[in-house]
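Please keep the model in view while reading the points.

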Amino acid sequence: MYLTRFTRLVVQGNYKNGTFLSKRTATTTPSGAILPEPEKTPFGILSVVGAVIPGLLIGAAISKNIANFLEENELFVPSDDDDDDD
């Protein structure tokens with residue numbers, strides 16, 4: 001991996017005289033001026049819970065429906081090998 005990255009840097013022209021030249025165009029303008037800091041979006045615990053809980057509930061409902069379908073059509077029927085009360 002190191003060799004491929006090094007080769008890519010040499011081919012791109014970012015390696016000159018034994019040093020790497022790095023460009024950070026995402027934080028600077030082409031003239032070299034630093035761009036202003038981007039806006040920060042508030043990302044609280046409420047929005048995380050609001051995204052995770054519905055996903056879990058929808059996934060559980062889909063899994064339950066698929067398991068019922070498989071069992072009704074006898075494609076997958078759980079075995080009763082756990083009954084060791086003989």
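This is a predicted model: local features need pLDDT of at least 70, side-chain atom pairs count only at pLDDT 80 or more; totals for chains, interfaces and linings use all residues.

The points below go from the whole chain to single residues.

1. Overall make-up. The protein chain has 2 helices and 2 strands. Read from the N terminus, these elements follow the order α-β-β-α.

2. Burial and surface. Of the 86 residues in the protein chain, 2% are buried. The chain has an accessible surface of about 8500 Å², and carbon and sulfur atoms account for 61% of that surface.

3. The helix α2. This helix covers residues 45-72.

4. The annotated segment. UniProt, in an unreviewed entry, places a "transmembrane region" at residues 43-62. The annotation comes from the record and may be inferred rather than shown by experiment.

5. A nonpolar patch. Which residues make the nonpolar surface patch of about 940 Å²? They are Phe43, Ile45, Leu46, Val48, Val49, Val52, Ile53, Leu56 and Leu57. One of them, Ile45, is found in α2. Ile45 counts as exposed because its relative accessible area is 67%, and the cut-off for exposed is over 50%. As a general point, an α-helix has 3.6 residues a turn, so residues three or four places apart point the same way.

6. Ile34 is found in the loop between β2, residues 19-20, and α2. Is Ile34 buried or exposed? Ile34 counts as exposed, because its relative accessibility is 73%. Apart from neighbours within four places in sequence, Ile34 is in contact with Thr27 and Thr28.

7. The segment after α2. Glu74 is placed in the segment that comes after α2. The phi angle of Glu74 is near 55°, a positive value in a residue other than glycine. Glu74 also counts as exposed, because its relative accessibility is 65%.

Terms used
Residues are numbered from 1 along each chain as its sequence is written. Side-chain values use heavy atoms; hydrogens and water are left out. Patches are made of residues with over 30% relative accessible area and no salt bridge: like charges are joined within 9 Å, nonpolar side chains (Val, Leu, Ile, Met, Phe, Trp, Tyr) within 5 Å. Accessible areas come from the Shrake-Rupley method with a 1.4 Å probe; for residues, only the protein chains shown count as cover. A salt bridge is a side-chain nitrogen of Lys or Arg within 4 Å of a carboxyl oxygen of Asp or Glu. Helices (H or I, at least four residues) and strands (E, at least two) are DSSP runs, numbered from the N terminus. Buried means under 20% relative accessible area, exposed over 50%, partly exposed in between (1.4 Å probe, protein chains only). Contact means heavy atoms within 4.5 Å.
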